[in-house]
Amino acid sequence: MDLISDLRGAIGAERVLTAAADCAPYLTDWRRRYTGTARAVVLPASTAEVATVVTRCARERVAVVPQGGNTGLVGGATPDDSGTAIVLSTRRMSRIRALDCANQTITVEAGCVLQQIQDAARDRDLLFPLSLAAEGSCTIGGNLSTNAGGTQVLRYGNTRDLTLGLEVVLADGQVWDGLRGLRKDNTGYDLKQLFIGAEGTLGVICAATLRLFPAPRATITALAAAASLEQMVALLARVGRAGGPALTAFEVMSASSLRLLAAEHPELRQPFAAVPPWTVLVELSDHDGEAHAIDLLERTLGAALEVGAIDDVAVARSGADSRAMWQLRESIPEAQTRAGGNVKHDVSLTVSAIPAFVASTDARLRAEFDWIEPITFGHLGDGNLHYNIGVARRDALPRLQAEQVRINRIVHDAVHAAGGSISAEHGLGQLKRDDIVRYKSSLEMETMRAIKRALDPFGIMNPGKVL
Ligand SMILES: Cc1cc2nc3c(=O)[nH]c(=O)nc-3n(C[C@H](O)[C@H](O)[C@H](O)COP(=O)(O)OP(=O)(O)OC[C@H]3O[C@@H](n4cnc5c(N)ncnc54)[C@H](O)[C@@H]3O)c2cc1C
C-alpha cells in the first residue's frame, strides 16, 4: 500500500490533505519568504496518531515537517520544494489535559494556541506568563520548539524556563513520556532540553507540563525618554532595584521607530511632544494593586527625572492607558511592513554591551549605505534587540533588497565580535541555517550534528532546518 493510503487508513482520509488548495495554507511561511511543496499535510488528533504517522514515515524514510500555528519567522515550518515531505500539523491536538492549582502547573497538548493557555490559567487566578504578539495564532508546540521569548522574559524567562515536562514522538515513532510536573529532578541528562528550541529537527512535541504563577493584581506601564542608550541601561538597573521581581518588561524604542509609527499609524497617540532619541516602556506587575504600582513607578521615575537621569516620563493611570502604551511598542513591526519592508535582525548581547554595539553598527552601516534608517527596538531588559534596517526614503527600497546579504553580514559580524547571538528568539530555521556556521565553533556544530545523528539517524525530522 502506498504511504498516503496507509496514512488515510490509519488516521482518517479527511485528515490527510493532498489537494493543492487544501495544502496551500500550510506551505508558505508567515512572512511569505518561503513556499514549499509536500506529498501531503496530515492532521493527527492525538499522540498515538502522531506516533502512527511518524512510524510510517520513518519506515519509508519520508521527511516530516512539524507545524503549529505557522507564525515562525525563519521558515522553520515550511517544507522544501521537492514535494516529498509530509507536513504534520498539530492544529487538532488542542486539549488542555490538566490544570493542577496546588502544583501550579498546566498540562497541554502541542496544538493549544498560546492565548488558550493564558486564558485557562487566568480563569483560575493564575498566570502563564509567555506573551508575544502572535499569541492568538501561535501554538505552544511552536513556542517550545523555538524556545520563544516575548515580553516577560526579564521576570519569568524563556519558554524553556517555563517547562517542567514533555511528551515527544521520537524520529522512529516511539513515544517518550517525560510529562512530569517536578521542579526538582536530577536523575541524569535532562532530555526535554534537547527538544526545546530544536525547531522540530529531533522529534514531534505532543504535550507539555508548564509552570504557572500567581496572577499579579495589576499591570501598569510607564514611558520614559532619554538622550542615550547608556542612560536607558542605567535606568534598567535603577528600576530593577526599586521594583525587584515586579519589573516584568523593559522595552526600548528608537526615535526612528516612533517617527515610523507617526507616519504609518497616525491613530496612535505619541507619548511626548517631541520625539526623544530613545524611549523605554517600563512595566510593573504588582501583587498589591494598581495604586501601589502607579505610586512605585511615579516615585522611581520621578526621582530619575529629578536628577537628570531621564528627560521625560509618562505614567499610565490605568490598565487601559497601559495597553495603549503597549500598542505603540507592538505596532512597530506592522508599521515596518506598511513602510515597504526591512532587513530584520533578532540579536542578543549582554545588556552592558548594547549601547556601544548600536552606536558602532549604526555608524558602520551609515558609512557604507547612506540611504538606510536603522529601526531599533525590542527587549532591552533581556539584551535582545530587533535591530531592523529600513530606508530613509521609500525609493531606496530596491537598494535595500539588493544589499540585504551585505547588511546581514555587517550586523551579524558586529554581534559576534561583541560576544552576542545572531538569533535571540526566532531560531535558525532555513533563514539562518548557513549563517550560523560562520559564528558557532566547529566543536559546537559537530556536537549538534552528533545529537541529531543519535536521535534522528535517517534525517527525516524537518531536514534542511537548523543544521
Ligand atoms: C507578529 C509576530 C510576533 C512574534 N513575536 C515573537 C516574540 O516576541 N518572541 C518570540 O520568541 N517569537 C516571536 N514570534 C515568532 C515565534 O517563533 C512564533 O510566533 C512562535 O513561537 C511559533 O509558534 P508556531 O506555533 O506558529 O510555530 P510554527 O511557525 O508552526 O513552527 C515553528 C518551528 O517549530 C517547529 N514546530 C512547531 N510545532 C512543533 C511541534 N509540536 N513539535 C516539534 N516541532 C514543532 C516547526 O517545525 C518550526 O521549525 C513572532 C511571530 C509573529 C508573526
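How many nonpolar, polar and charged residues does the shell around the ligand have? By class there are 12 nonpolar, 20 polar and two charged residues, where Ala, Val, Leu, Ile, Met, Phe, Trp, Tyr, Cys and Pro count as nonpolar, Asp, Glu, Lys and Arg as charged, and the others, Gly among them, as polar. This is a predicted model, in which local features need pLDDT of at least 70 and side-chain atom pairs count only at pLDDT 80 or more, while totals for chains, interfaces and linings use all residues. Residues are numbered from 1 along each chain as its sequence is written, and side-chain values use heavy atoms, with hydrogens and water left out.

Of the 34 residues around the ligand, those that come nearest are Pro 66, Gly 68, Thr 71, Gly 72 and Thr 139, a residue being near if one of its heavy atoms lies within 4 Å. Taken alone the ligand exposes 970 Å², of which the protein buries 93%, with areas from the Shrake-Rupley method and a 1.4 Å probe.

Turning to the cysteines, the count of disulfides, pairs of cysteine sulfur atoms within 2.5 Å, comes to zero. For Cys 57, the nearest cysteine sulfur is that of Cys 206, 13 Å away, and Cys 57 is buried at a relative accessible area of 0%, buried meaning under 20% with a 1.4 Å probe and protein chains only.

Technical notes
Buried means under 20% relative accessible area, exposed over 50%, partly exposed in between (1.4 Å probe, protein chains only).
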